[in-house]
Amino acid sequence: MSRAIRGRIFSPDITDKVAILLLWASAAITVFILVSIIGMIVYRGIGVIDISFLLDSPRMSGAEGGIFPAIVGTLCLVAVAILTAGPIGVGAAVYLTEYAPDNVVTRIITFGVECLAGIPSIVIGLFGYAFLVVYLGFGFSILSGGLALMFMILPWTVRASEEAIKTVPGGLKDGSLALGATKWQTIRQVVLPSALPGITTGFILGIGKAIGETAVIMYTAGSSLLLPESIFEPVRALPYHLYILASEGISDEMAYGSAAVLLGMVLLINFIAVAIQRYYQTRSGLRH
Amino acid sequence: MGTEDIEIESRNLNLWYGDTQALKDISIPIQKNMVTALIGPSGCGKSTFIRCINRMNDLIKGCRITGKVLFEGSDVYENDVDVVVLRKKIGMVFQKPNPFPMSIYDNIAYGPRIHGTQTKRELDKVVEDSLKAAALWDEVGDLLDKPALDLSGGQQQRLCIARTLAVKPDVILFDEPCSALDPISTARIEDLIAELKHDYTIIIVTHNMQQAARVSDRTAFFLLGEMIEFGDTKQIFERPVEKSTENYITGRFG
């Protein structure tokens, strides 16, 4: 005992302070990185952002004018992605949590969903090109790009829905079944509504991922700067527009302006996710 | 003990969870329009037993049953029994109040809706009648659109009773309905049970022996998966035949 105390180079008090300092530094670095990114993008981009930047079409390949078609393109792609990934994701989650027998096949499917989440987006883009654009003949279009994005966000919507369904208290299910409801009635009328806030949040985070995605859509959605008239036409999504502006040296200012708008959209979506979750929880009485 | 008007009867009921036998050869006749209490220490099988009656154990993996549970003369474990109809006739109130995260009105209307009642007029009537029968109407009659989860624990439990009454069952199973409630809420539920037995057959599982003595007509004592003794509540509490019943009732274990 006494040897241990003598053997110490630093007193416990000092090691304690060093530990706290290191932990504080980690937190500070995290915040610093976040603030730097947002600060730099906003600082360099804010100068070009005004109403006409948001609502005009680009001129001279985007060196002048606005980014309206790219905003529209992004929204269309994301809409196709979430409208397809949503129902499929919830359906798969309900099957996996409520119906699938606990066996090897189910575990393989669950593992497969996790693997799908881990596929690099550029690979999904390449597959989307081969399968959607070429093989199914959808061409460079909103449909191809949106479905490719769906491949990418599907695992997240499945997993978020699974988690949300699993957190529904078992007592609610028992209560419904004991009233003579069938399993499906119970799932549709009690389990899913109770899981809705979690499912919605999962969807919106999926939208957030899809909005910023570049690699998936550059092979599938095209790079047209015209306003699309149907989902079979190509569009250029905002992140891809920004990539082209910067990599081809068209305009740094416009690139930062586009980046700031993109950042704003992602932040807005995160706020909406939180707001929706609170609204549902208050309405159902789960939160006061 | 007469044999008149038996509503439910278990005959040589055995139940296993995997390799563990949770119920051993249980035979109890449950009389119509009476309150039958099941008492015994934790893990004695009393909750497991009532979950056999409305087949809620069907949901548990690895659960195996032999013997019979007769309801209105036929075995609820026959292949052609429709569990939906069975559970409509045999309602259940759980240990922890479990109102659905929806309005008070929708909670009560939930059962009637899934069983086909659709018109607003009929539903309004069912909601009002059920809440009145559960002694809750005076408190929530003006708050039907409010979330059920805003109610107090005791009100939530009466709401769950009202929700059960709304599908017009013949039997109500209470699985320790007061164990999560304060004494005042408990007293209200007990009064309600005394009221309800005129129209329903009631089986109540309880940890609370005074409660069993207060509310029930018949009492069954369970121990380690076996039914040790069954009889009139007065007799069980005043002159138990079995030594272990007496030990439990006098608080020597459990």
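## Ground rules

Since the model is predicted, local features need pLDDT of at least 70 and side-chain atom pairs count only at pLDDT 80 or more, while totals for chains, interfaces and linings use all residues. Residues are numbered from 1 along each chain as its sequence is written, chains are lettered from A and ligands numbered from 1 in the order in which they are written, and side-chain values use heavy atoms, with hydrogens and water left out.

## Chain B overall

Chain B holds ten helices and ten strands (DSSP runs numbered from the N terminus: helices are H or I with at least four residues, strands are E with at least two). Its C-alpha atoms fill a box of roughly 55 × 45 × 35 Å along the principal axes. The radius of gyration is 18 Å, which agrees with the value near 18 Å for a compact globule of 254 residues (taken over C-alpha atoms; the rule is 2.2 Å times the number of residues to the power 0.38).

Of the 254 residues in chain B, 55% are buried (buried is under 20% relative accessible area, exposed over 50%, partly exposed in between, with a 1.4 Å probe and protein chains only). Take the contacts in chain B with a separation of 6 or more: 68% of them join residues 24 or more positions apart (a contact means heavy atoms within 4.5 Å). The accessible surface of chain B is about 11,300 Å², with 48% belonging to carbon and sulfur atoms (Shrake-Rupley, 1.4 Å probe; for residues, only the protein chains shown count as cover).

## Where A meets B

The size of an interface is often given as the accessible area lost when the parts come together. Here chains A and B bury about 1,800 Å², and carbon and sulfur atoms give 64% of that (the loss is summed over both parts, 1.4 Å probe). Chain A brings 23 residues to the contact and chain B brings 26.

Helix α8 of chain A (residues 170-178) has several buried residues, including Leu172(A), Asp174(A) and Leu177(A). Their cover includes α9 (183-212) of chain A, plus α1 (46-53), α2 (83-89), β6 (90-93), α3 (104-114) and α6 (153-165) of chain B. Asp174(A) also pairs with Arg51(B) in a salt bridge at 3.6 Å, N to O (a side-chain nitrogen of Lys or Arg within 4 Å of a carboxyl oxygen of Asp or Glu). The count between the two chains is one salt bridge. Just after α8(A), Gly180(A) takes a positive phi of about 95°.

## Salt bridges in chain B

Over all chains the count is 18 salt bridges. Glu128(B) and Lys132(B) come within 2.6 Å by their closest N and O atoms. They sit four residues apart in helix α4 (residues 120-133) of chain B, so about one helical turn separates them. Both are partly exposed: Glu128(B) has a relative accessible area of 28% and Lys132(B) has 44%.

Glu72(B) and Lys89(B) form another pair, at 3.5 Å between the closest N and O atoms. This one links distant parts of the chain, 17 residues apart: Glu72(B) lies in the loop between β4 (63-71) and β5 (74-75), and Lys89(B) in helix α2 of chain B. Glu139(B), Arg158(B) and Arg188(B) are linked in a salt-bridge network.

How values were computed. Buried area = accessible area lost by both parts, 1.4 Å probe.
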